[in-house]
Amino acid sequence: MASPTSNAAGPYAAIDLWRIADGCLVLSHRLSEWMSRAPTMEEDIALGNIALDLLGQSRGLLQVLGDEDRLAYFREPQEFRNPLICELPRGDFGFTMLRQLFVDCWLVDLWPDVAADDTVPAEVRGVAEKAVKENAYHLRHSSSWVVRLGDGTEESRRRMQEALDALWPYRGEVASDRWYARIEPVLTEATLPMPPRDAWTQRSSADGWHTEHLGYLLAEMQSLARAHPGASW
Amino acid sequence: MSAPPREQWPLWEVFLRSRNGLHHQHVGSVHAVDAEMAIENARDVYTRRGEAVSIWVVPSATIVASDPADKDELFDPALSKIYRHPTFYEVPDGVANI
């Protein structure tokens, strides 16, 4: 049975597809929590679009890694390999957008790597090629909101600064030199000074360690499939 | 009408050019604080099913509209000018390729 524990890296190269698949799945669920609650109707639809893009990206990988329904609905929290930042509660809109920026800056360089990696199956490269365009738009969307809110009113700036302080310790699993190079200009334009690169960071979920929040998220996400196994509609 | 209306973001009219269409057509409107956000919102709201290859947004406030009260004098006179329609004319038998 395919699972991250029995097959940590997969047979493919250096790219950890489990981390991408689970990250996209968990973040997609967090974004879906905004449905009917976003600040405007237009943004409600935008968040829904992004959530569905991420869900599609995750499904594309899970279908290659095993049985997508079993992997999404019948794994326990410690079997998930998503970056911890994806499972943090959605917070306010500013927090959601800054978290999105952190993850977008990670995926926007990761997907092209996957698309160009001929050691991964062709289906995975196909998923990646589609995802490259989707994530380019996600990054544009989250960047413009972070700049708008950071360089906005006194209250929006205060909230963005709080979000940055809260999220910075969770950058470890998504950050790299190119990640810092992408995010720094956005933060600068948003008048939010980038915290030090060598500041303390959370450990990763690679060993099954998660925040307390993932269990609650999965309880909601998995409840229907577990109450009615094999149900279809 | 007692409470003042909540402050709303400005309205923008959205025009799309479809894949096979020749010109942009009006499809609806979005709220946005500036042009950049209006384009993004229009993209998210109106192009989810591949409807467009190009988007125009125009501040609704800049559109000058005809007065509905002028409808009769503006448009009714055209109704009786049937000779303005090509179907009014009979094509002579000798004319080919029309």
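Start with helix α2 (residues 41–65) of chain A and helix α6 (residues 122–150) of chain A: their axes come within 10 Å and cross at roughly 160°. An angle over 145 degrees counts as roughly antiparallel, so α2(A) is roughly antiparallel to α6(A). Keep in mind that this is a predicted model. The crossing of α2(A) past α6(A) is left-handed. On the α2(A) side, the contact is made by A:Ala46, A:Ile50, A:Asp53, A:Gln57, A:Gly60, A:Leu61 and A:Val64. From α6(A) come A:Glu123, A:Val124, A:Val127, A:Ala131, A:Glu134, A:His138 and A:His141. Sorted by class, that contact of α2(A) with α6(A) has seven nonpolar, four polar and three charged residues.

Now the other partner of α2(A). Helix α1 (residues 17–32) of chain A packs with α2(A) at an angle of about 150°, and the axes are 8 Å apart. That angle makes α1(A) roughly antiparallel to α2(A). Here too the crossing, α1(A) past α2(A), is left-handed. The residues that α1(A) puts into the contact include A:Leu17, A:Trp18, A:Ile20, A:Cys24 and A:Leu31. Among those from α2(A) are A:Leu47, A:Leu54, A:Leu55, A:Leu62 and A:Leu65. What classes of residue make up the contact of α1(A) with α2(A)? There are 16 nonpolar and four polar residues, and no charged residues. A:Ile50, A:Gln57 and A:Leu61 of α2(A) are in the contact with α1(A), and A:Ile50, A:Gln57 and A:Leu61 are also in the contact with α6(A).

Next, the contact between the chains. Seven residues from chain A and eight residues from chain B take part. On the side of chain A that touches chain B, the elements that give two or more residues are α2 and α6 of chain A. The largest share of that side, four residues, comes from α2(A). By class, the chain A side divides into two nonpolar, four polar and one charged.

Last, chain B itself. Chain B has two helices and three strands, and from the N terminus on its elements run β-β-α-β-α. How does its radius of gyration stand against a compact globule of 98 residues? The globule would have a value near 13 Å, but chain B has 21 Å. Along the principal axes, the C-alpha atoms of chain B fill a box of roughly 65 × 40 × 20 Å. Buried residues make up 15% of the 98 residues in chain B. Of the contacts in chain B with a separation of 6 or more, 43% are between residues 24 or more positions apart.

Conventions:
Residues numbered from 1 in each chain as written. Chains lettered and ligands numbered in written order. Predicted model: local features only at pLDDT ≥ 70, side-chain atom pairs only at ≥ 80, totals over all residues. Axes fitted to C-alpha atoms, helices over the stretch in contact; angles between N-to-C directions. Parallel < 35°, antiparallel > 145°, perpendicular 65-115°, else oblique. Left-handed = near helix turned anticlockwise from the far one by under 90°. Contact = placed C-beta atoms within 7 Å. Nonpolar A, V, L, I, M, F, W, Y, C, P; charged D, E, K, R; others polar. Rg over C-alpha atoms; globule rule 2.2 N^0.38 Å. Buried ≥ 20, exposed ≤ 12 C-beta atoms within 10 Å, placed from the backbone.
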